Amino acid sequence: MTIASNQIPGPLRWAVLTLRGEAGAVGLIVGWLLWANLTAPSVDLASALLLTVFAAGAAAVLWALGGALARCRAGARAPAIVLQLMLLPIGWFMIQGGLGWLGGPLMALGLGVTALLLSTPTTRALGFE
């Protein structure tokens with residue numbers, strides 16, 4: 001089932017925009033990692049490349065999930081929720097490490113997008129009801 005973009009309910013549209021925004025933010029981190037890999041005086045090349053490729057993959061997956069949800073593909077909801085819930089332990093450890101200014105909003109972001117993905121209009125649009 002595919003719904004025209006003007007018929008996508010608000011919560012689903014916001015979830016898609018947020019996932020795409022997250023993909024863009026992770027993409028910026030990938031750019032920074034590439035720059036750091038190239039300019040660092042000494043680097044464990046294998047670890048640096050692995051981290052950069054992992055981050056690039058995460059950005060690609062977030063972007064793809066956003067696109068699939070924009071096309072109302074029901075199978076994209078669960079992986080998107082899993083990725084959002086992964087922000088909870090990340091945020092928690094950031095708070096524990098003294099980065100509460102970043103960890104708290106990350107946790108709120110994960111819970112907020114999860115709520116959007118589980119909302120009744122999104123559930124209907126994806127054909128679960």
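Here is a short chat about a few helices of this predicted model.

Residues are numbered from 1 along each chain as its sequence is written, and side-chain values use heavy atoms, without hydrogens or water. Because the model is predicted, local features need pLDDT of at least 70 and side-chain atom pairs pLDDT 80 or more, while totals for chains, interfaces and linings use all residues.

Colleague: Which residues of helix H4 are buried?

Modeller: Helices here are DSSP runs (H or I, at least four residues), numbered from the N terminus, and H4 spans residues 87-96. Buried means under 20% relative accessible area, exposed over 50%, with a 1.4 Å probe and protein chains only. The buried residues of H4 fall within an arc of 60°, taken from the directions from the helix axis to the C-beta atoms, so they line one face. They are Leu87, Gly91 and Met94.

Colleague: Nice! Which exposed residues does the face of H4 turned away from its buried side carry?

Modeller: The buried residues of H4 pack against H1, H3 and H5. The face turned away from them carries Phe93 and Gln96.

Colleague: Is threonine 114 buried or exposed?

Modeller: Threonine 114 is found in helix H5. It touches Ile81, Gln84 and Leu85, leaving aside residues up to four places away in sequence (contact: heavy atoms within 4.5 Å). At 8% relative accessibility, threonine 114 counts as buried.

Notes: Helix = DSSP H or I, 4+ residues; strand = E, 2+ residues; numbered from the N terminus.
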